[in-house]
Amino acid sequence: MIKRKLLRVYGIVQGVGFRPYVYRIATSLGLRGFVRNDTLGVEIEIEGDEEKIETFKRRLYSECPPAASIDRLVEEETDVRGDASFIILESSSGRERETLISPDLATCPDCLRELFDPGDRRFRYPFINCTNCGPRYTIIEDVPYDRPNTTMRKFEMCPECRAEYENPADRRFHAQPNACPVCGPEVWLVEGNGVKIQVGDPIKAAARFIQEGKIIALKGLGGFHVACDATNDNVVKRLRALKKRGDKPFALMAPDLETVERLCFLSDKERELLTSPKCPILLLEAREEAWKVISRDVAPRNRYIGFMLPYTPLHHLLLRETKRPLVMTSGNLRDESIIKDNDVALEKLSGIADYFLLHNRDIATRIDDSVARVIDGKEILIRRARGYVPAPISLPFTSDKEILALGPMMKSTLCFLRGQRAFLSQYLGDNDIYDNYLYLLEIMERLKKLFGFKPELVVHDLHPDYPTTRLAGEMELPALAVQHHEAHLASVLAEKGSFDDEVLGVAFDGTGYGRDGRIWGGEFFAGKTGNFERIAHIA
Ligand SMILES: [Zn+2]
Ligand SMILES: [Zn+2]
C-alpha cells in the first residue's frame, strides 16, 4: 500500500553528510519525496510502499554517517502526493532553533589519501575536506548550516567543485566548506614584520624554517598555534622564555601514530582516541627513550607528554615535511585566549614567532584543542573544546526552564541548559583577565544565536566579586547563586548517575566563597543535590 510520511530527524544531522545519505537510501528503495534542512534539524517526506518506508526508517539508523547522530525521529502520516522522484530541497529557515551543530572533524582517511595522491586535483591542497571531515563549528555564523551562513561564503565554487557539491552520489555533496586550489582558500608565509615571503610552496618553506630551529605561528582550525621543533633544546627553551610559561608543559603534534607509539605507552583506547575525528591532545606516559628524542624542556620534570596527531590537511602537509614531533601550543599571550585573526596574530605574536603561516579561511568561532586522559580504559576530559563542543551532554534529569550558567572565574566555561541537554561552551580561560572576559561574552552570544537560547534563569557562583557574578547581576533575569564546592559535588553526581541519591560527598578544590560569607575549603557534605549540609571542613 502506498503511504506518505513526514519524518522529523533531530540530533547532529547537519553538516555531516546526512541529506545525501537520506537521498541514497530513499532512491535505492525506489521511494519518492524530499529531504531538507531546517532550523530544527532535517525534515523528510517519504512516499511509497509502506514496507519500504519501514525499511527506510531502519536503515536511517543502521547506516548513519560516522559523524552524525540521531537523537529522535518523529513521524506523522500525511496525504499521498504522487511525487515522481526523491529530491533534496533548499533549506527552510523557521524561527525555532533546535538543530545540533557538529563539532569540527579531523581529516578523514579518504581525504588524506587524495591529499597525497599526485593524480588527484586536490593533491597537496591544505583545505581538502568532505561531508565526513573538516571545519564545522569554527566556520558557522548562523543556522541552517549552509555555505552562505559560514565563513566560506566569500569563495565562489569553481565548476568542478560545484558539480561535486550538487551530485548526490558524491562524497562532497552539500559539503559546505568544499573547495579546491582553483576556487578555495590559500596559505602564504610572512616574516615577523608582516612582509610576504615569495616561495613556491609556503608549507614546505615553513617546514624548512622549523627544521632550522625557527618558531612559526600558524593559523589552524580554531585559532593560531605556535610551533617549533620539539627535538631541538635551544628552540624549545627560547619559546618557553618568550611565552613566559614557567614549567607548564607544551603540547606536541606527532607526524603519525607510529611516532607516538615509539615515544609513549599506548593502550587500545588511547590509540582509538588519537585517531578519532575528535583528535584531542592526549596525556600519555612517556617511555624512557622519549627524552632522548624530545627536548626535556617540553615538559620539565613531567612523566607525561601531551600528544595529538595532525587533524587538518595543513598539519598533515607540514608534519610530513618536518618528519618529527613539533611543539604545537596555543597562539596567545600568557593566560589570554587563543588568537584567530591574521592581523591580531601579527600584532600580538610578532615578539614570539619568526614567521607566520597564514590563510584566508576566516575563523568564526575560536576554540582551543581539547585535552584528555585515559584512566581505567575511560576517557577523562581535562579541557573540553575542539572536536567536542558544541555537542551537548545528556543529563539524568529534565529542566522545565532554559537556564544559563555562567560558571566561576578560573578555567571557566559557561553552559546553556535546555530540557535534558547541557550545552557547555568551550574552555574559556580565567575570566578575571579582560581579554578572556570578552571571549566569554562572545561565546555566550554566539551560542545564543546558533541555538536560539532564551534563558529564563541565570546561575552564578556565590562569590560576589567574580566577573561572572557581576555579569549575572546586569542581566534582567531571575538569578540563582550556587556555592562553588556544592556545584562540583552536584556535577560529579550527575556524571555518575547519582544525582538524586543521598550521599556523603567530599570537595577538595582550593577555596571558594561559602554560604556563611566566609572562605571555604575542603568540604564534607551530606545530603541530596540542592540540599547539602556541610558537616565537616578543613579550612
Ligand atoms: Zn574527508
Ligand atoms: Zn574548486
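Colleague: Where in the chain is Pro-144 placed, and what is the state of the peptide bond from Val-143 to Pro-144?

Modeller: In this predicted model, Pro-144 belongs to the loop between α3 (109-115) and α4. The peptide bond that joins Val-143 to Pro-144 is cis, its omega being near 0°.

Colleague: Which other peptide bond is cis, with omega near 10°?

Modeller: That description applies to the bond from Val-389 to Pro-390. Pro-390 sits in the loop between β15 (378-383) and β16 (393-405).

Colleague: Why is Lys-244 called exposed?

Modeller: The term requires a relative accessible area over 50%. Lys-244 has 55% relative accessibility and therefore counts as exposed.

Colleague: Which atoms coordinate the zinc ion (ligand 2), and how are the donor residues spaced in sequence?

Modeller: The SG atoms of Cys-158, Cys-161, Cys-180 and Cys-183 coordinate the zinc ion (ligand 2), at 2.3 Å. In sequence, these donor residues are spaced C-x2-C-x18-C-x2-C. Within the site, Cys-161 in helix α4 (residues 159-166) and Cys-180 in the loop between α4 and β6 (187-191) form a pair that links distant parts of the chain, 19 residues apart. Cys-161 and Cys-180 are both buried.

Colleague: What is the geometry at the zinc ion (ligand 1), and which residues supply its donors?

Modeller: The zinc ion (ligand 1) is held by the SG atoms of Cys-108, Cys-111, Cys-130 and Cys-133, at 2.3 to 2.4 Å. The angles among these four donor atoms are 103 to 122°. Along the chain the donors follow the spacing C-x2-C-x18-C-x2-C. Cys-130 and Cys-133 are buried.

Colleague: Why is Asn-360 called buried?

Modeller: Buried means under 20% relative accessible area. Asn-360 has 18%, and therefore it is buried.

Colleague: What surrounds Asn-360, apart from its neighbours within four places in sequence?

Modeller: Asn-360 is in the loop between β13 (355-359) and β14 (371-375). With those neighbours left aside, its contacts are Lys-154, Phe-155, Pro-185, Glu-186 and Trp-188. Asn-360 and Trp-188 are 172 residues apart in sequence, while their C-alpha atoms are 9.0 Å apart in space. For Glu-186, the backbone nitrogen lies 2.8 Å from a polar atom of the Asn-360 side chain.

Colleague: Is Thr-398 buried or exposed?

Modeller: Thr-398 has a relative accessible area of 59%; the cut-off is over 50%, so Thr-398 is exposed. Thr-398 lies in strand β16. Leaving aside its neighbours within four places in sequence, Thr-398 is in contact with Gly-419 and Gln-420. Val-344 is 54 residues from Thr-398 along the chain, and their C-alpha atoms are separated by 42 Å.

Colleague: How do you know whether the radius of gyration of the chain agrees with that of a compact globule?

Modeller: The globule rule is 2.2 Å times the number of residues to the power 0.38. For 539 residues a compact globule would have a radius of gyration near 24 Å, and the chain has 25 Å, which agrees. The C-alpha atoms fill a box of roughly 70 × 65 × 45 Å along the principal axes.

Colleague: How many helices and strands does the chain have, and what share of its residues is buried?

Modeller: The chain has 14 helices and 24 strands. Buried residues account for 56% of the 539 residues. Of the contacts between residues at least 6 apart in sequence, 66% join residues at least 24 apart. The accessible surface comes to about 23,500 Å², and 49% of it belongs to carbon and sulfur atoms.

Key:
Residues numbered from 1 in each chain as written. Chains lettered and ligands numbered in written order. Predicted model: local features only at pLDDT ≥ 70, side-chain atom pairs only at ≥ 80, totals over all residues. Heavy atoms only, no water. Donors = N, O, S within 2.8 Å, 3.2 Å for Na, K, Ca; no water. Helix = DSSP H or I, 4+ residues; strand = E, 2+ residues; numbered from the N terminus. Buried < 20%, exposed > 50% of the residue type's maximum accessible area, 1.4 Å probe, protein only. Contact = heavy atoms within 4.5 Å. Areas by Shrake-Rupley, 256 points an atom, 1.4 Å probe, with all protein chains shown as cover. Polar contact = N/O pair within 3.5 Å; in protein donor to acceptor, adjacent residues only side chain to side chain. Tetrahedral: all angles 85-135°; square planar, octahedral: opposite > 155°, others 65-115°.
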